[in-house]
Amino acid sequence: MSRRILLVEDDPTLRIGLDDALAGEGYAVTTAADGDSAHELLFSRHFDLVVLDLMLPGRGGLELLRELREAQQQVPVLVLTARGDETDKVLGLELGADDYVTKPFGLRELLARVRALLRRVGGHGIDRAPAAPPRFAIGAVAIDLEAYQMVRDGEVMPLSPTEVAMLALLRAQAGKAVSRERFLDEVWGSDQFVGPRTVDTHMLHLRQKVEVEPRQPRYLRTVHGVGYRLELEGDAP
């Protein structure tokens, strides 16, 4: 069965072009031109991936993403952002986006990101993540990989599929350094358009969710020149 993609883009020329390109790759594509139509589709049908423009008429892309994650829907989301709009990229990742592409973008890059996201997650969770307990604690934060969420100070916060895959890898290798290259291989797959900086960006947002002092992380530690290490309670200095 073809993987089902919801494409949310208000620019008709770009929407038609991306629809044709994705369909040409064998995906079953449904399109929406605004956030309200996309909301109705997302909460009435199943999709394997959402390609979401953030600048939409009516309900904006960030609002739609927030509603999606608050409803515990864990469909992977690839956001489309304007060049140089770092605020939207940051907010998108904080709200649970899995990846982003900056306009204008090359079609090959977008298709590669789509393939990587669809490889990364399956119908019941993570495709390539190593064995890790589904529930564990990082300090006072309770992580539930199966529910794609964490609980901090009584607040339930969603985790994106990418964040779940990163945490699963770190937990399986707790106390050991995980290289950026290993993150790229096991979380992102062989995506030539993703590099070490992508790993650093996602780790930054994980720290903001998990750490009390993200700038002085106690649990998600940097291993300089290598990558990152998870130090569990009792092991952290």
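Guide: Helix H3 (residues 61-70) lies across strand E3 (49-53) and strand E4 (77-82), and H3 runs at about 150° to E3. This is a predicted model, in which local features need pLDDT of at least 70 and side-chain atom pairs count only at pLDDT 80 or more, while totals for chains, interfaces and linings use all residues. Residues are numbered from 1 along each chain as its sequence is written, and side-chain values use heavy atoms, with hydrogens and water left out.

Visitor: What makes a stretch a helix or a strand here?
Guide: Both are DSSP runs numbered from the N terminus: helices (H or I) need at least four residues and strands (E) at least two.

Visitor: How do you know that E1 and E2 pair?
Guide: Two strands pair if DSSP finds at least two bridges between them. Strand E1 (residues 4-8) and E2 have five bridges, in the parallel sense, so they meet that definition.

Visitor: Which strands form the open sheet, and what makes two of them edge strands?
Guide: The order is E2-E1-E3-E4-E5, with parallel pairing. Strand E2 (28-32) and strand E5 (99-103) each have a single partner strand, so one side of each is left without a neighbour in the sheet. From one strand to the next, the twist averages 20°.

Visitor: Why are H1 and H5 called oblique?
Guide: Helix H1 (residues 12-24) and helix H5 (residues 107-120) pack at an angle of about 55°, with axes 11 Å apart. Axes are lines fitted to C-alpha atoms, for helices over the stretch in contact, and angles run from 0 to 180 degrees between N-to-C directions. Under 35 degrees counts as roughly parallel, over 145 as roughly antiparallel, 65 to 115 as roughly perpendicular and the rest as oblique. H1 and H5 are therefore oblique to each other.

Visitor: Which residues make that contact of H1 and H5?
Guide: Leu18, Ala21 and Leu22 of H1 meet Leu107, Leu110, Leu111 and Val114 of H5, where contact means heavy atoms within 4.5 Å. They divide into seven nonpolar, no polar and no charged. Here Ala, Val, Leu, Ile, Met, Phe, Trp, Tyr, Cys and Pro count as nonpolar, Asp, Glu, Lys and Arg as charged, and the others, Gly among them, as polar.

Visitor: What makes H6 roughly perpendicular to H8?
Guide: Helix H6 (residues 161-172) and helix H8 (residues 196-210) pack at about 85°, and that makes H6 roughly perpendicular to H8. The residues of this contact divide into six nonpolar, two polar and two charged.

Visitor: Why is the aromatic pair called edge-to-face?
Guide: Rings of Phe, Tyr and Trp (its six-membered ring) pair if their centres lie within 6.5 Å; planes under 30 degrees apart count as stacked, over 60 as edge-to-face and the rest as tilted. Phenylalanine 183 and tyrosine 228 are 6.5 Å apart centre to centre, with 65° between the planes, and form an edge-to-face pair. Phenylalanine 183 lies in helix H7 (residues 180-188) and tyrosine 228 in strand E14 (residues 227-230), so the pair ties together parts that are 45 residues apart in sequence.

Visitor: What stands out about the backbone?
Guide: Most residues other than glycine have a negative phi, and most peptide bonds are trans. Tyrosine 148, not a glycine, has a positive phi of about 55°. The peptide bond from lysine 103 to proline 104 is cis, with omega near -10°, and proline 104 is found in the loop between E5 and H5.
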